Amino acid sequence: MERQLISHIAHYDHPIAAPVSEQNLERLLTRAKLAPKARILDLGCGEAPWTLRALELHPGTFADGVDISEHALIAAQKDAEQRGLSDRLGLHHIPAADFTGPELYDLVLCVGSTHAFDGLTATMQNIRRHLRPGGLALVGECFWETPPTPEALTKLGADLDDYGDLSATVAQAEDAGYATVYGHTSDLAEWHEYEWSWIGTLTNWALDHPGPDGDAALAAARDHRDMWLDGYRDILGFVTLLMRRTD
């Protein structure tokens, strides 16, 4: 099975696709205080749960979502239609780094998708070119909650300098010309809800679909479970920052 399809299935029961609760997602989006006719861009939107909720919380706004997963964009379009938001949402099947919008945006999101730009610094720089002066960025990124052991790094396939601690992560994001105006650090309950949902949803699907695809999905679920339980659990943190351009 292709990786994008596995991710699509695994996030079915937790469409936020990050260790963030619905309550805290809404708190972050509400803090943006967008005016009617504001423009929103979501880079690496997946099934667009953040974008669709932003459109509901801020009536009269318009959004573009960008992702490389056709499965996710089809689901996003269907969800938008069911929620009566399809006329305010444009979806683009293109790498986030290649997207060029016709106008600047008031809010640009990139939550859990900084890998699309090869890291946080490049992400903040790319977001900047889409933002109007004084516009807001909402960025979700991992950080080291505690120093990783060599064993944890091996499990993750990561290097120590892939992330910093929380303080270093905030400073890195701000260095591209931003000031932090709000933020949320995911707690243990949010991590557990996200991970157990990811693992369990994919496992259930695998058991319901015996055969090569089911075998592949079950192997992916068990690999993910082992990587979390024996690797980055209590080591990897996640922070979502609401930031404003300072120029």
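**View 1. Leu 41 pairs with Val 108 of β4 in this predicted model.** The two residues are bridge partners.

**View 2. Seven strands form an open sheet.** The strand order is β3-β2-β1-β4-β5-β7-β6. Pairing in this sheet is mixed. Strands β3 (89-93) and β6 (178-185) are the edges, and each pairs on one side only. From one strand to the next, the twist averages 15°. Strands of a sheet pair through backbone hydrogen bonds, either parallel or antiparallel.

**View 3. Helix α2 lies across part of the sheet.** The helix covers residues 22-30. The strands it lies across are β4, β5 (131-144), β6 and β7 (236-245). α2 runs at about 160° to β6.

**View 4. Tyr 182 sits in strand β6.** Tyr 194 is 12 residues from Tyr 182 along the chain, and their C-alpha atoms are separated by 22 Å.

**View 5. Helices α5 and α7 cross.** Helix α7 spans residues 166-174. The two axes come within 8 Å and cross at roughly 35°. The crossing is right-handed. From α5, the contact uses Leu 120, Thr 121 and Met 124. From α7, Thr 169, Gln 172 and Ala 173 take part. The contact residues divide into three nonpolar and three polar, with no charged residue.

**View 6. Helices α1 and α4 cross.** Helix α1 covers residues 3-10. Its axis and that of α4 come within 8 Å, crossing at roughly 35°. Gln 4, Leu 5 and His 8 of α1 meet Glu 70, His 71, Ala 72 and Ala 75 of α4. By class, this contact has three nonpolar, three polar and one charged residues.

**View 7. The second largest pocket holds about 510 Å³ of space.** Its lining consists of 23 residues. Nearest the pocket centre are Pro 15, Ile 16, Pro 49, Asp 79 and Arg 83. Helices α2, α3 (49-57) and α4 (70-82) each supply at least two lining residues. The largest share, six residues, comes from α4. By class, the lining has nine nonpolar, five polar and nine charged residues. Two of the residues nearest the centre lie in these helices: Pro 49 in α3 and Asp 79 in α4.

Definitions and conventions: Residues are numbered from 1 along each chain as its sequence is written. This is a predicted model: local features need pLDDT of at least 70, side-chain atom pairs count only at pLDDT 80 or more; totals for chains, interfaces and linings use all residues. Side-chain values use heavy atoms; hydrogens and water are left out. Two strands pair if DSSP finds at least two bridges between them. Helices (H or I, at least four residues) and strands (E, at least two) are DSSP runs, numbered from the N terminus. Axes are lines fitted to C-alpha atoms, for helices over the stretch in contact, and angles run from 0 to 180 degrees between N-to-C directions. Contact means heavy atoms within 4.5 Å. On a 1 Å grid over the protein atoms alone, a cavity is a set of points where a 1.4 Å probe fits but cannot get out, and a pocket is an open set with protein on both sides within 12 Å along at least five of seven lines; lining residues have an atom within 4 Å of a point. Grid points are joined across faces, edges and corners, and a volume is the space filled by probe spheres set on the points. Ala, Val, Leu, Ile, Met, Phe, Trp, Tyr, Cys and Pro count as nonpolar, Asp, Glu, Lys and Arg as charged, and the others, Gly among them, as polar. A crossing is left-handed if the near helix is turned anticlockwise from the far one by less than a right angle, and right-handed if clockwise.
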